[in-house]
Amino acid sequence: MSSTFDQVATIIAETCDIPRDTITPDSHAIDDLGIDSLDFLDIAFAIDKQFGIKLPLEKWTQEVNDGKATTEQYFVLKNLCARIDELVAAKGASA
Amino acid sequence: MQLEYFHMIDRIVDLKVDEKTIVVEAQVPKESTVFEGHFPGYPLMPGVLLIESMAQASGFLLLGVLKFERMPILAAVKEAKVRGSVFPGDLMTLEASVAHEGSGYAMTEAKIRVDGKLRANSTLTFTLIPFPNSDMRGYMNAVAARVGFPQQAVSP
């Protein structure tokens, strides 16, 4: 089974037509990969479906806007993948 | 239907909030300034207005699912296909369903039929925003009343 990062990187590559080999765990989805908010909805949709979760984009955006979090915490891919793993684990625990 | 005012939907036929589906009707007018240009001698509904009709049907569905707490705004159109022409005087039946409800966004799938025949379909993405002001909220309440939005469907 491929890692969360591999799956997310493949989703990003296919959704945004970004060469897969340019996507690394340290890539910032917005600053490095140039993904805009509308494209990120497609990525969120694909992640939601693939992992059976609901990425809390509104909550994250609010936290960034309020200065309570940085975009790096959610949009650097290794951090994004860690959040996904947490959500998957939480879903498994509540099932 | 009043094309010039973007009033695309005439009546909500069926809204199932739990199943996240809606059926609406839209009577295409026999005459409209739109048809004077699209096209002289061969009037037909512009494809973009068919997409707008599917977006509005989806919008009423999302308003119901969200209990009028958010306003759906069209953000992306995918896989839109116009499979056959819609002419002045046609009665369109539109169906929409929620394909995915995300955080702050939703995706729907919508279809237009005339006399049971599929004329258009699309997958649509909406951002779900708080109502920006009371004017818009009031306007949407009036629109909902005009199309017979079943308020009991969203009552607690």
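**Notes on the model**

1. B:Arg70 is partly exposed, with a relative accessible area of 24%; the classes are buried under 20%, exposed over 50% and partly exposed in between, computed with a 1.4 Å probe on protein chains only. The side chain of B:Arg70 forms a salt bridge with that of A:Glu58, at 2.6 Å from N to O. The term salt bridge stands for a side-chain nitrogen of Lys or Arg within 4 Å of a carboxyl oxygen of Asp or Glu. This pair crosses between chains: A:Glu58 sits in helix α3 of chain A, and B:Arg70 in the loop between α2 and β3 of chain B. A:Glu58 is likewise partly exposed, at 33% relative accessible area.

2. Conventions: this is a predicted model, in which local features need pLDDT of at least 70 and side-chain atom pairs count only at pLDDT 80 or more, while totals for chains, interfaces and linings use all residues. Residues are numbered from 1 along each chain as its sequence is written, chains are lettered from A and ligands numbered from 1 in the order in which they are written, and side-chain values use heavy atoms, with hydrogens and water left out. Helices (H or I, at least four residues) and strands (E, at least two) are DSSP runs, numbered from the N terminus.

3. Interface extent. Contact between the chains (heavy atoms within 4.5 Å) involves 12 residues of chain A and 15 residues of chain B. The buried area between chain A and chain B is about 1,000 Å², and carbon and sulfur atoms give 57% of this. Buried area here is the accessible area (1.4 Å probe) that two parts lose on being put together, summed over both. A:Leu41, A:Phe45 and A:Glu58 supply 46% of the area that chain A buries against chain B, more than any other three residues.

4. Elements at the interface. On the side of chain A that touches chain B, the elements giving two or more residues are α2 (37-51) and α3 (57-65) of chain A. The most come from α2(A), with 7 residues.

5. Salt bridges within chains. Over all chains the count comes to 10 salt bridges. A:Arg20 pairs with A:Asp6, the closest N and O atoms being 3.2 Å apart. A:Arg20 is in the loop between α1 (4-16) and α2 of chain A and A:Asp6 in helix α1 of chain A, 14 residues apart. In chain B, the side chains of B:Arg11 and B:Glu25 meet at 2.9 Å, N to O. B:Arg11 belongs to strand β1 of chain B and B:Glu25 to strand β2 of chain B, again 14 residues apart.

6. Strand pairing in chain B. Strands β1 (residues 11-16) and β2 (residues 21-27) of chain B run antiparallel and are joined by 5 bridges; two strands pair if DSSP finds at least two bridges between them. They form a hairpin with 4 residues between them, and B:Lys20 in the turn has a positive phi of about 60°. β2(B) is also antiparallel to strand β4 (residues 91-101) of chain B, through 7 bridges.

7. Backbone points to check. The peptide bond from B:His38 to B:Phe39 is cis, with omega near -5°. B:Phe68 has a positive phi near 60° and is not glycine; B:Phe68 is buried, with a relative accessible area of 3%. B:Asp115 also has a positive phi, near 55°, but counts as exposed at 72% relative accessibility.

8. A buried polar residue. B:Thr108 is found in strand β5 (residues 105-114) of chain B and has a relative accessible area of 0%. A polar contact of 2.9 Å joins the side chains of B:Thr108 and B:Ser58.

How values were computed:
A polar contact is a pair of N or O atoms within 3.5 Å; within protein, one must be able to donate a hydrogen and the other to accept it, and residues adjacent in sequence count only if both atoms are side-chain atoms.
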